[in-house]
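Work through the exercises below with the sequence and the 3D view at hand. Each task is followed by a solution in steps.

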Amino acid sequence: MENFINSIIKNLENNGFPQKKVSLPTEKMYEVADNKGFSFNAVLERMKEEHGIHSEIGADKTIFFKLQDQANPFAGMDQAQMMKQAQEMMAKMSPEELKRMQDMLMNMSPEEKENLMQKGKEMGLL
């Protein structure tokens with residue numbers, strides 16, 4: 001079963017996982033698992049327990065994702081991954097959201113700015 005799980009993980013990674021949620025066709029996944037003599041539900045459970053990969057089974061697609069630390073969406077990423085994730089997050093922001101963020105930064109006290117810089121250093125961003 002581990003080889004099958006590893007092939008699923010490789011497929012997911014080739015499609016942007018774990019930074020992105022990735023979906024695979026549900027019916028096809030059940031068929032392939034069955035042809036290999038596995039229960040697809042058991043495969044999903046093992047992926048969750050051993051690899052921290054969660055899934056949501058839908059009629060057409062099964063969505064695979066990793067739960068992110070809500071306090072730190074960059075947890076577990078190296079510096080290059082963090083920068084890429086931050087750029088992607090900023091690229092998805094509307095001009096109004098970017099302006100609000102810029103205004104928030106400009107209105108911070110020197111102590112708040114220093115605290116923010118310290119947190120960035122601790123995360124390896126600076």
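This is a predicted model: local features need pLDDT of at least 70, side-chain atom pairs count only at pLDDT 80 or more; totals for chains, interfaces and linings use all residues.

**Exercise 1.** Find how many aromatic pairs the whole structure holds, and classify the pair formed by F4 and F38.

Solution. A search of the whole structure gives two aromatic pairs. For F4 and F38, the ring centres are 6.0 Å apart and the planes make an angle of 20 degrees. Planes under 30 degrees apart count as stacked, so F4 and F38 form a stacked pair.

**Exercise 2.** Decide for F4 and for F38 whether the residue is buried or partly exposed.

Solution. The cut-off for buried is under 20% relative accessible area. F4 has 6%, so F4 is buried. F38 has 23% and counts as partly exposed.

**Exercise 3.** Classify the pair formed by Y30 and F40, and state which helices they lie in.

Solution. The centres of Y30 and F40 are 4.9 Å apart, with 70 degrees between the planes. An angle over 60 degrees counts as edge-to-face, so this is an edge-to-face pair. Y30 lies in helix α2 and F40 in helix α3, so the pair ties together parts ten residues apart in sequence. Y30 is partly exposed at 32% relative accessible area, whereas F40 is buried at 1%.

**Exercise 4.** Which residue lies over the face of F65?

Solution. The residue is K21, at 5.2 Å from the ring centre of F65.

Terms used
Residues are numbered from 1 along each chain as its sequence is written. Side-chain values use heavy atoms; hydrogens and water are left out. Rings of Phe, Tyr and Trp (its six-membered ring) pair if their centres lie within 6.5 Å; planes under 30 degrees apart count as stacked, over 60 as edge-to-face and the rest as tilted. Buried means under 20% relative accessible area, exposed over 50%, partly exposed in between (1.4 Å probe, protein chains only). Helices (H or I, at least four residues) and strands (E, at least two) are DSSP runs, numbered from the N terminus. A charge sits over a ring if NZ of Lys or CZ of Arg is within 6 Å of the ring centre and within 35 degrees of the ring normal.
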